[in-house]
Amino acid sequence: PHRADTILLESVVRPEAWWIQAALGGAVYDARRSVVIGRVSPGLQAGRRFNFWGVFVTAELDHVFDFTFDTRRLDVLNLGVGGEFLNFMGHVRSTLAAGASVLLSRTSIDEPGEVGWFVDFRPGALRWGIGDAWAFELSPLSVDVIVPVTEGIPLIVLSFMTTLSVEWSVQ
């Protein structure tokens, strides 16, 4: 029996499941240089969940619009792997991902094809279940560092991102 004023949370963990997630992230500030930028990052993640832990691969296409330099738009492809931990019945998700960052656009000193690295840390994304297979996720604040050029003068973008995601899982 339950009382009428009791709120029951349904688990969003979906243990032992494969999942895929489409995401759209954004930022308006480069913390390293203290300048206002526009940054849009559509991406995909796919992985396997083992109870409250999981592993995934990630692909993200970063578009950085920086009006303080000659380069008006910087395009970078991030490919990597990550790990996740779900808490509070899957309603809070923490992730850490890292991998290769590939420069896709030309700058005044760098050529497309340069390969560096990236790190993406999302300490507390909020998740809501939608039916048995879907979830909506809001990551209000994550730390994202992309360094597609490491030689000579490194090209570094440090942003605090906000990301919205939709996930589909199958058990």
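Biologist: What makes Trp18, Ile20, Leu44, Ile130, Trp134, Val166, Trp168 and Val170 a nonpolar patch on the surface?

Modeller: Together they have about 780 Å² of accessible area, computed by the Shrake-Rupley method with a 1.4 Å probe, where only the protein chains shown count as cover for residues. A patch takes residues with over 30% relative accessible area and no salt bridge; nonpolar side chains (Val, Leu, Ile, Met, Phe, Trp, Tyr) are joined within 5 Å, and like charges within 9 Å. A salt bridge would be a side-chain nitrogen of Lys or Arg within 4 Å of a carboxyl oxygen of Asp or Glu. By the way, this is a predicted model: local features need pLDDT of at least 70 and side-chain atom pairs count only at pLDDT 80 or more, while totals for chains, interfaces and linings use all residues. Residues are numbered from 1 along each chain as its sequence is written, and side-chain values use heavy atoms, with hydrogens and water left out.

Biologist: Which strand gives the most to the nonpolar patch?

Modeller: Strand 8, with three residues. Strands here are DSSP runs of E with at least two residues, numbered from the N terminus; helices are runs of H or I with at least four.

Biologist: Why is tryptophan 134 called partly exposed?

Modeller: Buried means under 20% relative accessible area, exposed over 50%, and partly exposed in between, with a 1.4 Å probe and protein chains only. Tryptophan 134 has 42% relative accessibility, so it counts as partly exposed. You'll find tryptophan 134 in strand 7.

Biologist: And is phenylalanine 88 buried or exposed?

Modeller: Its relative accessible area is 57%, so phenylalanine 88 is exposed. Methionine 89 has 38%, so that one is partly exposed. Phenylalanine 88 is in the loop between strand 4 (73–87) and strand 5 (92–103), and methionine 89 is in the loop between strand 4 and strand 5 too. Phi is positive for phenylalanine 88, near 50°, and for methionine 89, near 60°; neither is a glycine.

Biologist: How do you know that strand 1 and strand 8 pair?

Modeller: Two strands pair if DSSP finds at least two bridges between them. Strand 1 (residues 17–30) and strand 8 (residues 155–170) have 10 bridges, so they pair, in the antiparallel sense. One of the bridges links glycine 25 to threonine 163 in strand 8.

Biologist: What do the eight strands form?

Modeller: A closed barrel, running 1-2-3-4-5-6-7-8 with antiparallel pairing.
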